Amino acid sequence: MRTIYQSYFKYILPIVGRVVSGHKSAYSYLPLSVAQFPTEERFADALRSAGFAAVEWRRLTFGIAALHVAQAS
């Protein structure tokens, strides 16, 4: 499911965004921006390094997204 969504996100969504918005570059930045976001583990480590406690995360929607929860120290 994740591979299908990534293909849609990278190729189809930018085209739809351009058509709907009328702007040539609409949504073209989004796939690259999301691809640069850290993995679930790295983001959780960054939260811990920033001083958060009880850091947890879980994948949602077949791995398309992840929900992170942490407590401020």
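What is the relative accessibility of Y5? Y5 has a relative accessibility of 30% and therefore counts as partly exposed, where buried stands for under 20% relative accessible area, exposed for over 50% and partly exposed for the range in between (1.4 Å probe, protein chains only). The views below show a predicted model, in which local features need pLDDT of at least 70 and side-chain atom pairs count only at pLDDT 80 or more, while totals for chains, interfaces and linings use all residues. Residues are numbered from 1 along each chain as its sequence is written, and side-chain values use heavy atoms, with hydrogens and water left out.

A search of the whole structure gives three aromatic pairs. Y5 and F9 make a stacked pair, with 5.6 Å between the ring centres and 20° between the planes. Rings of Phe, Tyr and Trp (its six-membered ring) are paired if their centres lie within 6.5 Å, and the pair is stacked for planes under 30 degrees apart, edge-to-face for over 60 and tilted for the rest. Y5 and F9 are separated by about one helical turn because they stand four residues apart in helix α1. Helices (H or I, at least four residues) and strands (E, at least two) are DSSP runs, numbered from the N terminus. Whereas Y5 is partly exposed, F9 is buried, at 12% relative accessibility.

**View B. The aromatic pair of F37 and F43.**
The rings of F37 and F43 form a tilted pair, 5.2 Å from centre to centre and with 40° between the planes. F37 has a relative accessible area of 51% and so counts as exposed. F43, at 26% relative accessibility, is partly exposed.

**View C. Aromatic cluster and nonpolar surface patch.**
One aromatic cluster is formed by Y5, Y8 and F9. Y5 and Y8 also belong to a nonpolar surface patch of about 780 Å², together with Y11, I12, I15, V16, V19 and V20. Such patches are made of residues with over 30% relative accessible area and no salt bridge, with like charges joined within 9 Å and nonpolar side chains (Val, Leu, Ile, Met, Phe, Trp, Tyr) within 5 Å. The areas come from the Shrake-Rupley method with a 1.4 Å probe, and for residues only the protein chains shown count as cover. V16, one of the patch members, lies in helix α1, which covers residues 2-21. Its relative accessible area of 38% makes V16 partly exposed.

**View D. The salt bridge between R59 and E40.**
The structure holds two salt bridges, the term standing for a side-chain nitrogen of Lys or Arg within 4 Å of a carboxyl oxygen of Asp or Glu. In one of these, the side chains of R59 and E40 meet with an N to O distance of 3.2 Å. The pair links distant parts of the chain, since R59 is in strand β1 and E40 in helix α3, 19 residues apart. R59 is partly exposed, at 45% relative accessibility, whereas E40 is buried, at 9%. Helix α3 comprises residues 40-49. Leaving aside residues up to four places away in sequence, E40 touches R2, W57, R59, A66 and H68, a contact being heavy atoms within 4.5 Å.

**View E. The salt bridge between R48 and D45 within helix α3.**
R48 and D45 form a salt bridge whose closest N and O atoms are 2.9 Å apart. About one helical turn separates R48 from D45, because the two are three residues apart in helix α3. R48 is partly exposed, with a relative accessible area of 42%. D45 is partly exposed as well, with a relative accessible area of 42%.

A54, a residue other than glycine, has a positive phi near 50°. This residue is found in strand β1, which spans residues 53-60. At 44% relative accessibility, A54 counts as partly exposed. T61 is likewise not a glycine, and its phi is positive at about 50°. The place of T61 is in the loop between β1 and β2, the latter covering 65-71.

**View G. L32 in helix α2.**
L32 is part of helix α2, residues 30-35. With 57% relative accessibility, L32 is exposed. V20 lies twelve residues from L32 in sequence, and the two C-alpha atoms are 20 Å apart in space. V20 is also among the residues that make the nonpolar patch of View C.
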